[in-house]
Structures are given as structure tokens and as C-alpha cells.
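This report describes selected secondary-structure arrangements in the model shown below.

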Amino acid sequence: MSKRIVIVDDQDKILKSLARNLTRLGYLVDCTQSSQETLNVCKNNIPDLVLLDVMLGSESGIDLLSELKVLYPDIPIIMITGHGTIERAVEALKRGACDFLEKPLLFNKLLITIERIFELEDVKKENSTYKDINCAKFITGDKATQELVERAKRIAATEIPILIYGESGTGKEVLTQELHASSRRSSAPLVQINCAAIPANLLDNELFGHKKGAFTGAISDYSGVFEKASGGTLHLDEIADMSLETQSKILRVLESGEYKRIGEQLVRHANIRFIASTNIDLNERVRENRFRQDLLFRLNAAVIRIPALRERKGDIMLIAQHFLDKKAILLSRKLYLSNEVEELFKNYSWCGNVRELRNTIDYASAVCRGDTIELNDLPEGLSSDQTNCESPKNEETTSTSITTRITRNGKSEKESIIAALHEAKFNKKRAAEILSISRRSLYNKIAKHSIEV
């Protein structure tokens, strides 16, 4: 059956040229010039791929991208623009675009991109095993943790807010996906947002959306995550990093179900299941006047605490084998751990928890020359066990202890931060993980040393 492609562009000449060339190659093509027209076309006949211009006259193609990914999360979308910048590319990819091409379009390059995407989609559909390895599942053989997960799933059948505590990398997002799948809202969207990854002055916009003209650059209406998750589940990760002002707005939504877009007087109603998570002790934040006690009271209705991986040693090899099986399928070869590596894994503290274990398997499987991962295939420094893992409540420690943790190999604190930023290709989240500090601490240190990022 021929693949169906929707081309969305406000320029007739480009639409006709692309449609003519793609139709000649056997594709079924629909052309649209606005957001509403595109949504109508997709509703009547779901396409296999969308080519979407970033600018649609007065409308934003990136906003339309967000709407399409909520309604049709599996449709691959290629963004096209004549106003291409790195920022636009990053924004499009963050919102779910699978690629980004600049005008003037080279048709051969576009065609190669389309064919590559279709090949990958065909593999996903035909290979059920490939689908299985991408399904998120909270893996545990630990009896206490299994009981925790089962209890969490029973809570999922209710509508009360859920608060998940757990160190970084323990699987809070994965557990949220299981909770959503076990709820009565499983057929509706699950929207997850990391509060610490969005600057404080932009978080309200991401949460509640804005009205066209609300501020400079607001060229069209924008739906926030409360609207995008309507009927489903909204997960706010790292909620401790939210400002007190935004916390008060979240509390209002939880108590009354009402909110407003920025620059709009219309009161909207949120129909969502609310899940929050954090790796920081919120009671401590309340004592520091950095978290609203009334909001914590609302969230404390159902609290789930995920134990660190070092507290459930029996899960280490179970999870390691899971990641090895995934890699074996992707690499088309079976992978094993040597006895020495197994022994190291069982006795290592895994301060980065499941995320650190997964990254270790990813690295080792890439450098391993045979089918057995040996000690020399592991990331440098893994054999030096970190016995003093930070607990969630001590994530933000004193300046002196953070400085001690950052400085290494004879470098100053500033030099160590710059080196970590370069190693992480200026991804602040990754740089903070390299330095074993929180992102908030990293931001503070960057400001302290006037480091240009």
C-alpha cells in the first residue's frame, strides 16, 4: 500500500512542487496551509508522515507539531523552514520532530530522509521484538519493591494526586508510565515535563499556555501541558525546582481544577490525573520556605518511595540482563558479562541507579570486541566504588561539600565545571551528572564563576 504524506506549507509554489515530485514517486499526497486544515485532514485519514513548515503565515508550525504529537504520537514529522536556526531545530526535536531540514530544499536530500524514516517505521511494525524492547517497564525482582509497584498500581485506579520520591535514575518516569497504563485514563495522553529543565520564567508558559499577543513573540495561541494532557495524565518531574509563585498556581488547579492561559481571562478546566516526582525531601524544602506546605499536603495523599538500586542488590543483575538483551537485539549479537564484571556490578553502589547501569551497559557494549564484556570494557572509574551516595534530602548540600565533589585531577572548581560542560557537549543535565551534583548547583556555580555557556 502506498504511503500517505501530508505537506503543510503556506506557500503554494512549494506545495505544488513537492506534491508533484512525491506523487510521481508513488506517494499519496495531501496539501494543507493551516493548522486547522491539517488537523481535519489527519482526522479523516491518518498519514504515514508529515512535512511541516515552521512558519505558517501567522501560525506557528512548532505549535502544530506539539498538537499532532499529542493526537498522533506515532506519526513521524519532518520540520522544514527558511528561517532555520539551531534554537528552532532543538525546539522542534524536543517536541517530537524526527528530523529538521532547511529551505531551499534539495529534493534528493528530502527523499533520502523520507525513505530512511519509512524504513525505520517498517522495521518497528514488522519486528515485534523491536517493539517489546522499547516498552518501558519497571523491572524488579525484589519482593518489597514488587509490593510497592503493585500498591502503586492500585492507587492508579483512583483519581488522587500521586507523589513519587526517588533518587535520580531510580525510574520515576518509568513508574509513571506504568501508573498511567494501569489507570482509567490509559487511552488518553500521558504528558511528562521536567520542571528543572525549563527556565523559571518560561515554566508557566509551558504549563498553562498563552494567548496570541500575550507577550512579544506570541504570534499564535499556545496550549500548555495542562491542556495537552486533557483526559489523561500529567507528570511534573523535579517539582521541587518550581518557584513559589508557580506552586500557588498548581495548587489552585489541584483544588479547583481551574487555570488561565497567560494573557487570557477565560477560565479553563483541567481534566487530568496529576503525578509529581522529586529526588529532594519536600519537607526539608517547606522548612526552608522554598516549597508551599499547603501544596505538599495536597500531594501527600499518596506517596510512593522508590528505593535506590543499592538497596535492592538482587535487581542489579536482573536489570543489567534486561539492558544486555536490548543491546543484543539492536546489535544482532548476544552479549555476556564476565564473572569479574558481574562481581563488580553486584558490589558497586550505583549512585546513579538504573540510569548509571544502563549507561554503563551502553558504553561497554559499544567498545566490547567480542561477545563478553570484560573489566577493561567498562567506563573509566567504575571500579572505584562511590560508597557515599547522596540521599534525596541532601541533594543541595553546602557550598564547601559541593566544591570538594567538583574539584578533581588537580583542577580548580571552575576548570572542572568547564571540562564537564565540554565533555557533555554543553548539556547541563549531563554535565551535572558527570560532576555528581544537581543541576541547580551547577547553574549556581556557572553564575558564580561567570562561565559563558
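## Helices lying across the sheet

In this predicted model, helix α3, formed by residues 61-71, lies across strands β1, β3 (49-53) and β6. The direction of α3 is at about 175° to that of β6.

Helix α2, spanning residues 35-44, lies across β1 (4-8) and β2. Relative to β2, α2 runs at about 150°.

## The open sheet

The strands β2-β1-β3-β6-β7, in that order, make up an open sheet of 5 strands with parallel pairing. Its edges are formed by β2 (28-32) and β7 (99-102), each of which pairs on one side only. From one strand to the next, the twist averages 20°.

## The α18 and α19 pair

Helix α18 comprises residues 413-423 and helix α19 residues 428-435; their axes come within 8 Å and cross at roughly 125°. The crossing is therefore classed as oblique, and α18 passes α19 in a right-handed sense.

On the α18 side, the contact involves Ser-416, Ile-417, Ala-420, Leu-421 and Glu-423, which meet Ala-431, Ile-434 and Leu-435 of α19. By class, the residues in this contact comprise 6 nonpolar, 1 polar and 1 charged.

Terms used:
Residues numbered from 1 in each chain as written. Predicted model: local features only at pLDDT ≥ 70, side-chain atom pairs only at ≥ 80, totals over all residues. Heavy atoms only, no water. Pairing = 2+ DSSP bridges. Helix = DSSP H or I, 4+ residues; strand = E, 2+ residues; numbered from the N terminus. Axes fitted to C-alpha atoms, helices over the stretch in contact; angles between N-to-C directions. Contact = heavy atoms within 4.5 Å. Parallel < 35°, antiparallel > 145°, perpendicular 65-115°, else oblique. Left-handed = near helix turned anticlockwise from the far one by under 90°. Nonpolar A, V, L, I, M, F, W, Y, C, P; charged D, E, K, R; others polar.
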